[in-house]
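Colleague: Could you walk me through this model, one feature at a time? I would like the general idea before each case.

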Amino acid sequence: MLTLRSVALFVLAAFLEIGGAWLIWQGVREHRGLAWIGAGIVALGLYGFVATLQPDAQFGRILAAYGGVFVAGSLLWGVVADGYRPDRFDVIGAAVCLVGVGVIMYAPRGG
């Protein structure tokens, strides 16, 4: 159950961070305005809070593992939100990152 909670928190954190950055991008680069930028700033702030809810207490481990979720999530966001078409190397790289998440976060550890 802790693993499921951890994975859900990683997914939520990725949604907030990637979504927040995308909103700011849209506000600035696509000239959508301050409301988009403000929503992005709020989402990024919420991302920082969600990351603290992970069951593991090791900041470095959490952020290192989250990096892999961020990589895969960013590619997925690009597919859904911007019509990006990842090539096989994008997919392989994201898969490698997610395997790294599994090793860092969920490998059995002694005492």
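Colleague: What should I know about the model and its numbering before we start?

Modeller: This is a predicted model, in which local features need pLDDT of at least 70, side-chain atom pairs count only at pLDDT 80 or more, and totals for chains, interfaces and linings use all residues. Residues are numbered from 1 along each chain as its sequence is written, and side-chain values use heavy atoms, with hydrogens and water left out.

Colleague: How many helices and strands does the chain have?

Modeller: Helices (H or I, at least four residues) and strands (E, at least two) are DSSP runs, numbered from the N terminus. Here the chain has four helices and zero strands, giving the pattern α-α-α-α along the sequence. Taken along the principal axes, the C-alpha atoms fill a box of roughly 55 × 35 × 20 Å.

Colleague: What share of the contacts in the chain with a separation of 6 or more comes from residues 24 or more positions apart?

Modeller: Contact means heavy atoms within 4.5 Å. By that rule, residues 24 or more positions apart account for 66% of those contacts with a separation of 6 or more.

Colleague: Now to packing. How do I read a helix pair?

Modeller: Two packed helices are described by the angle between their axes and the distance between the axes. Axes are lines fitted to C-alpha atoms, for helices over the stretch in contact, and angles run from 0 to 180 degrees between N-to-C directions. Angles under 35 degrees count as roughly parallel, over 145 as roughly antiparallel, 65 to 115 as roughly perpendicular and the rest as oblique.

Colleague: At what angle do the axes of α1 and α3 cross?

Modeller: They cross at roughly 55 degrees and come within 8 Å, which makes α1 oblique to α3. This crossing of α1 and α3 is right-handed; a crossing is left-handed if the near helix is turned anticlockwise from the far one by less than a right angle, and right-handed if clockwise. Residues making the contact include F10, A14, I18 and W22 of α1, and Y66, V69, G73 and W77 of α3.

Colleague: Where does W77 sit, and which residues does W77 touch?

Modeller: W77 lies in helix α3. Not counting residues up to four places away in sequence, W77 touches F15, I18, G19, W22 and D82.

Colleague: Are α3 and α4 roughly parallel or roughly antiparallel to each other?

Modeller: The axes of α3 and α4 cross at roughly 155 degrees and come within 8 Å, so the two helices are roughly antiparallel. Their crossing is left-handed. Among the residues that meet are I62, A65, V69 and L75 in α3 and A94, L98, V101 and M105 in α4.

Colleague: Which residues touch the most other members of the largest nonpolar core?

Modeller: Buried means under 20% relative accessible area, exposed over 50%, partly exposed in between (1.4 Å probe, protein chains only). A nonpolar core is a set of buried Ala, Val, Leu, Ile, Met, Phe, Trp, Tyr and Cys residues joined through side-chain atoms within 4.5 Å. Of the 15 residues in the largest one, F10, Y66 and V69 touch the most other members. Helices α1, α2 (34–51), α3 (59–82) and α4 (88–106) each supply at least two residues, and α1 gives the most, with six. Beyond its neighbours within four places in sequence, Y66 is in contact with F10, A13, A14, E17 and Y47. Across the chain of 111 residues, 29% count as buried.

Colleague: Is V50 buried or exposed?

Modeller: V50, found in helix α2, counts as buried because its relative accessibility is 8%. Leaving aside neighbours within four places in sequence, V50 is in contact with L9, L12, A13 and L16.

Colleague: With which side chains does the side chain of S6 make a polar contact?

Modeller: A polar contact is a pair of N or O atoms within 3.5 Å; within protein, one must be able to donate a hydrogen and the other to accept it, and residues adjacent in sequence count only if both atoms are side-chain atoms. S6 lies in helix α1 (residues 2–29) and is buried, with a relative accessible area of 2%. Its side chain makes a polar contact with the side chain of Q54 (2.7 Å) and another with that of Y106 (2.7 Å).

Colleague: What phi does H31 have?

Modeller: Most residues other than glycine have a negative phi. H31 has a positive phi of about 55 degrees although it is not a glycine. H31 is found in the loop between α1 and α2 and counts as exposed, at 70% relative accessibility.
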